[in-house]
Amino acid sequence: MSETTPVIEARGICKYFGAVTALEDVNLRLMRGEVLGVVGDNGAGKSTLMKVLAGLYPPDKGELLIDGRPVQFRNPRDAHDRGIEMVYQDLALAGNMRIDENIFLGREHTRKVLGFIPLVDHKENAVRAQEHLDKLKIQVKSVTQRVEDLSGGQRQAVAIARATAFQAQVVIMDEPTAALAIKEVRKVLDLIKDLRNHGIGVILISHRLDDIFYVCDRIMVLFHGRNFAEAPLSQTDRNEVIGWIMGNKSKAGVTANLDLN
Amino acid sequence: MTTQTTTPLETHREESLRVRLIPFIDRYGVLLLVLVMGIVSYLLEPKVFLTWGNISNIFRQIAFNAMLALGEFVVVVTAGIDLSVGSVLALAMMSTAVLARDGYPIPVLIIVPFVVGAAAGVVNGLGLTKLKLPHPFIMTLGMLNIARGLTNLISGGVPISGLPEEVRWMGAGNITLAENFEIPVSLIVILISYALVGFFLQYTRMGRHIYAIGGNPQAARVSGINVERTLVFVYGLCGMLAGFSGLLLAGRTGSGFPNAGLGQELDAISAVIIGGASFFGGRGSVLGVFAGALVIGLLRNILNLQNVQVFWQQVLIGVVIIGVVYLDVLRRRAGSSNV
């Protein structure tokens, strides 16, 4: 894998909902160990683009490449299998279930009983879940706590742990800090930095520019369902980004499709 | 992600007590209710209540409702409801009775209720997932009428009696362990069924997925769980157990009658709710449901022994449902007030 091959790349993605154009010829590239911030106003197409990447929506046009090879996702499972994981805005955790069960939901460890009956190995799941949480330095009282008994930040951490439990290459996060108490935001952002240090590519959608500027390496702006601007964080500033979000490029010389394709 | 350091010790201890107490009541509250009812029954009828004859009679009476409640429970765990179980019971029972009258062999007569019940349940599940009817209430309300109508169609609306002894065995048979000590086969059948379903829910992937669907269907879906297929299975299982219940009732009464199980779905739902399951899904255990069925059975039994009018029994069951769920509301409020 050369250093210049993106771990995931989207080329010319179009997505229509009836007469509504959600995405029009959108490109995206993400390298290993890179945190890409995706911003844009409400309805700019951020969430739709992420759902295309995560296999929830098939694109109407355009192609996805993983490690430079074209792929097609029919459902989230296909994306999982390729190491693309999404942490959903509404968290997508089952509050009535334990932390370890949530982390391994749909992918439980089993052991064969009588040689052929696969039964859920609750002990193994708990041990593996604890190991994984330790690796990410996430602290909980016990992995057997129910998720509904956790704070918002802890739930977000569990959701992230869930997304990274199986050889994730890319983790997509949709507003991970939106519902958090202020003191918990920093912990989640540090967790994202941690993922980057593990070589995972992260796409972060956020309305909070504080978050973006704290954790991202590069920023990409969508406007009315199209690529509008893109820049390394070091070469832009908040005011310019706010201008881009509003669809205003007069101040900056940076143009759309800067280094795409 | 916890910051426990700032929490004063005092509240921490209080919290830990509550943390330990609430799951305890969660799990054993309804068993306590059974115990209390048993003691009250004993005090009211010291000579009769604790005789094995009376106890085994209670189990014999609750067997078919307990079987219905077991299937209903699995559906309620997914945050669904099945209103058709009473009618499906009747259809399964009548199918067997009709085939028995026409001289079909015993194994067929025993298998048919399961097949008929499962088929009706699968149709419920498919209606829910393929037709995308807005709520399981609608599909199973339709099935309630369809199955009841079919029951009357195949039987001409009249009872059919004279089922073979072998077919009746599970519903009416006894296993004699000692003199004056017989265990109803239906009790053993119920215990085995509860154990199997409880094990299935706890230790198989699909069982855990059923709880996950009840907790958050969206989470289940994005986790790669095939929610539709699981739901079809759940309604099929519920229908099959309703068919089984029909076999038990056919055995106990020695016949098939078209009004069997009329309104019985409400008793089944009552047992599930008294047993601690939540209509919002994802909660409850088979042990609780069994206790819930037992509460209803005990209530009926003691009221019968006291010669209380049957109409009052219905009133009291209504009061118990409301009371138990209200206690649950109070408990949750107490549990969440300081979190």
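Modeller: Let us begin with a helix of chain B. The buried residues of α11(B) are B:Q264, B:E265, B:D267, B:A268, B:I269, B:S270, B:A271, B:V272, B:I273 and B:I274. A residue is buried if 20 or more other C-beta atoms, placed from the backbone, lie within 10 Å of its own, exposed if 12 or fewer, and partly exposed in between. Helices (H or I, at least four residues) and strands (E, at least two) are DSSP runs numbered from the N terminus. This is a predicted model, in which local features need pLDDT of at least 70, side-chain atom pairs count only at pLDDT 80 or more, and totals for chains, interfaces and linings use all residues. Residues are numbered from 1 along each chain as its sequence is written, while chains are lettered from A and ligands numbered from 1 in the order in which they are written.

Biologist: How many residues of helix α11 of chain B are buried?

Modeller: Helix α11 (residues 264-274) has 10 of its 11 residues buried and is thus mostly covered. Just after α11(B), B:G276 adopts a positive phi of about 100 degrees. In chain B overall, buried residues make up 44% of the 339 residues, and the secondary structure comprises 13 helices and 4 strands.

Biologist: Why is helix α8 of chain B described as largely enclosed?

Modeller: In helix α8 (residues 205-215) of chain B, 9 of the 11 residues are buried, so the rest of the structure largely encloses it. Among them are B:H209, B:I210 and B:Y211. Two residues are in contact if their C-beta atoms, placed from the backbone, lie within 7 Å. The buried residues of α8(B) pack against α3 (99-103) and β8 of chain A, together with α2 (52-77), α7 (185-203), α9 (217-222) and α10 (227-253) of chain B.

Biologist: How many residues of chain A are in contact with chain B?

Modeller: On chain A, 28 residues are in contact with 19 residues of chain B. Elements of chain A that each supply at least two residues to this side include β8 (117-120) and α6 (182-197).

Biologist: How is strand β12 of chain A joined to β11(A)?

Modeller: Strands pair if DSSP finds at least two bridges between them. Here 6 bridges join β11 (residues 218-223) to β12(A), and the two run antiparallel. A:V221 stands opposite A:A229 in β12(A). The two strands form a hairpin with 2 residues between them, and A:H224 in the turn has a positive phi of about 50 degrees. Strand β12 (residues 226-232) is mostly covered, with 5 of its 7 residues buried.
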